[in-house]
Amino acid sequence: MKTKYVSTGVRKKDAMSLVTGKPVYTGDMVPPNALRLKLLRSPHARAYIRSIDTSKAKLVPGVVCVLTWEDAPQSRFTTAGQTWPEPSPYDRLILDRQLRCCGDPVAIVAAETEQAAQQALKLIQVDYEVQTPLLDFTQAKDNPILVHPEDNFRALCDVGTDAKRNLVSTDCCEVGDVDEELKRCDVVLERTYNTLANSQAMMETFCTFTYLDEYGRLTVVSSTQVPFHARRILSNALEIPKGQIRVVKPRIGGGFGAKQSVVSELFPALVTKVTGRAAYICYTRQESMTNGSPRHQMQMRVRIGADRDGTIRAIDLHALSNAGAYGDHGPTTVGLVGHKSLALYGSLIASRFTSDVVYTNTMGGGAYRGYGATQGIYAVESAVNELAAQLGMDPTVIREKNMVRQGQTMPNYYGEPCNSCTLDQCMAAAKEHMDWDNKFPRRVLPNGHIRAVGVAMAMQGSGISAVDTASVEIRLNDGGFYTLLVGCTDMGTGCDTILAQMAADCLDCDIADISVRGVDTDQSPYDTGSYASSTTYVTGGAVVKTCAQLREKILAEGARLLGVSPEEAEFDGDKVFVPGTDRCITRKELGWASFEGHSRTLSASQSHSSPISPPPFMVGMAEIDLDPETGTVEVVDYVAEVDCGTVINTNLARVQTEGGIVQGIGMALYENVQYNAAGKLLNDSFLQYKIPTRLEAGTIRVAFHPSYEPTGPFGAKSIGELVINTPAPAITEAIRNATGLSFHSLPIRAEDIAMALEKQNHD
Amino acid sequence: MKLTLTLNGVRRTDEVAADTTLFSYLRDRGCLSVKCGCETSNCGLCTVWLEGKPVLSCSVPALRAQGKSVTTLEGLQEEAAQFGAYLADEGAEQCGYCSPGFVMNVLSMVRELDNPTDEEIKEYLAGNLCRCTGYQGQLRAIRRYLQEKGGAK
């Protein structure tokens, strides 16, 4: 299909507002009379509130209310933004008497000014019964300390939840007989890998304001990826009907999954419910890091078996995931550890994936770009690299021998078909672009630094099969322009523009003729939201369907006005005309006509869901410069070869890739998560939690190798999450190639390398 | 306390508390381009100009601006749009939340450095964090902007 906008680098529709600093974010629109909120947070990782005295705090001038557990509804809910019934257990209250991690909310102060709220915080007197916290997630299952002893704890889905064992979920799935197959292998390698609870560190922290509108309904304006799920969660938590809630999403200052949980919304909503006043909360960076929704910390054990020629026959993967204090996204993230790593290897005769997700008294986890696939791919790809080394094989060659190919089915990926895959081309291109054959494994520079390379493959999904649902509506307006109403949330990714590109090509019009609007739950058509790499693929599917329906309506109405049957007329995007004659009616005239004395509005709306979630694939190669004196690693060059199906917006896909890789570099080398003995997070600011600056980003070279996904809009799959998955294993391998040292935990800090090299020299 | 300054070319006097940061002062005066991304002077989102030099407004008391000129992106709209168009054409604004501070610092850099190399550009802008883009597109945009303005190495 010939396209005018799809597969080009169209400028984002909101770009100029963003680059000139227009007030388009939640915090820029707060009503002037809104109460300012501050939260009193628990200093203890596990404690019971014996009593709270708020009387002094309430005396501070300007303080309007101080709310404690006694003022909060007692229905448990989950803050995970997922389709109902959520797999995440209902284990939260807005304010709970039992505190389960440092920073758990103890009280909400609402005041006329931030200063008054801040002052009141200090005057709240809490009598805590401090309890011994459960901090080591490897000891959590069946530990006598119970994180969720409460009676009204509920799990809606059968995911093996057992709060009396600190189990959020447990699962086992096996294809073939792994134990038997491993016995037949010439080589079996067993390794354990560890990852941490990385912070998304989006630049805009969690923020929300709420007010009662002119109808007395609760309006929630929030930086959220999931407006419709937020509406339901607010309804559950506040015990008010969904019909009384409206959620509005302005521009979002980054999400990366963090805002797939309802983090900041409930506190101002409760204050507005209680006081009737507008209320605003903006998390500090510290709050965003200590009580946000980070990646799940995991420990993964891999047993991988192969023949001496490098044929990988079986992988046994076990993941232990730390949900922390609350089970948000726990049962689902862990699933991707197995399903989106094992399926990379089409050669597997048998595979098994088992998992336990456990509660502890550390910060609760959530959704972070990659959603478990990142951890699983790090473990499996690292194990494959170590296996290749043990077999004396080039790690690209072992992958070429075993990788999944187009046309296969993927038994460990829910049995879904691999309709579209250019992973082989990605590998060939990566080798060429990196000059792999010359650079592998290492060379020593004159200054003593070591240059080394490493490789990894990755996949992800495109939406959640048979769950994610998107609807859009497109209207032809007077004057002939279109309005595209979407329920998915552009968080900087550019989906508003990408969907307009598709619509413009489907409707044969100028992209300027399509105005996009999202999201307001009162006005936007339903969409599960922007997560699981669903928007281009799922919502894009809805756009294609809706445009087709609208074209039919336009043709029918145009033909009717021309006095012919639709079969006799054609629509070319600008006009409906009768071929071979000069009879025509323009789109503009049609727009006017449908607005005057008519009952035929030219509007269409379709929903879309996909029974499958076609994986995008990629190969990542890192070249590092390692200083053996200091252990410092610099990623000097990164080659990313991506198959996301048809690339809808060439610029945005490229920047997504570059951004994902730098986040992955942060995870591999810098972003550390440490707790003190009492369970308090130490890396709670950008001083201690080092995300890469532009000095650490190196050069990233991105190239696309589009397959054509027959079930995707214009052949597209997804891009957003895939791209974070290769840096951790590729850099780990480059460090091993440089030093001979195998690291099994992230991040691999300069001091870890320097000390290991020191030890190596002594041994 | 009384604060008299020139904000985006307009002289004004306001009553401010001694502990008011320049950041809060500016947001309260409607300069909503100025964003806060941390409390530790790490992210660069709150960058504005004080006497034409970039400062982190979250870490400057408002009263330090007494008698001085302060410039935010609201006062540089035309230039912001000129450079911003290059960012936009790379798709490198992404969520845009770091853009105002970043653009302020880029526009300061082009005044301060002649023909900067890539290394000099990265060094100058190292304090402007961005979590979306991986910085590559920003660098491409700066290079193209400098080329078209004349004067990139």
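**View 1. Lining of the largest pocket, by residue class.** The lining of the largest pocket has 18 nonpolar, 11 polar and 12 charged residues; Ala, Val, Leu, Ile, Met, Phe, Trp, Tyr, Cys and Pro count as nonpolar, Asp, Glu, Lys and Arg as charged, and the others, Gly among them, as polar. This is a predicted model, in which local features need pLDDT of at least 70, side-chain atom pairs count only at pLDDT 80 or more, and totals for chains, interfaces and linings use all residues. Residues are numbered from 1 along each chain as its sequence is written, chains are lettered from A and ligands numbered from 1 in the order in which they are written, and side-chain values use heavy atoms, with hydrogens and water left out. Of the 41 lining residues, A:E114, A:Y280, B:F23, B:S24 and B:R27 lie nearest the centre of the largest pocket. A pocket is an open set of points on a 1 Å grid over the protein atoms alone where a 1.4 Å probe fits, with protein on both sides within 12 Å along at least five of seven lines; lining residues have an atom within 4 Å of a point.

**View 2. Helix α1(B) at the largest pocket.** α1(B) gives the most to this lining, with 4 residues. At least two residues each come from α1 (22-28) of chain B and from β1 (35-41), α3 (114-121) and β12 (279-282) of chain A. Helices (H or I, at least four residues) and strands (E, at least two) are DSSP runs, numbered from the N terminus.

**View 3. The second largest pocket.** Its lining divides into 14 nonpolar, 15 polar and 5 charged residues. Among the 34 residues that line the second largest pocket, A:P87, A:P331, A:T332, A:L336 and A:I464 are the closest to its centre. Two or more residues each come from β7 (167-175) and α8 (330-339) of chain A, and α8(A) gives the most, with 6 residues.

**View 4. The contact of chain B with chain A.** Chain B brings 50 residues and chain A 53 residues to the contact (heavy atoms within 4.5 Å). The two chains bury about 4,000 Å² between them, 55% of it on carbon and sulfur atoms; buried area is the accessible area (1.4 Å probe) lost on being put together, summed over both parts. B:Q94, B:R131 and B:Q136 supply 21% of the area that chain B buries against chain A, more than any other three residues.

**View 5. A salt bridge between the chains.** The side chains of B:R140 and A:E658 meet at 2.8 Å, N to O. The count between chain B and chain A is 6 salt bridges (a side-chain nitrogen of Lys or Arg within 4 Å of a carboxyl oxygen of Asp or Glu).
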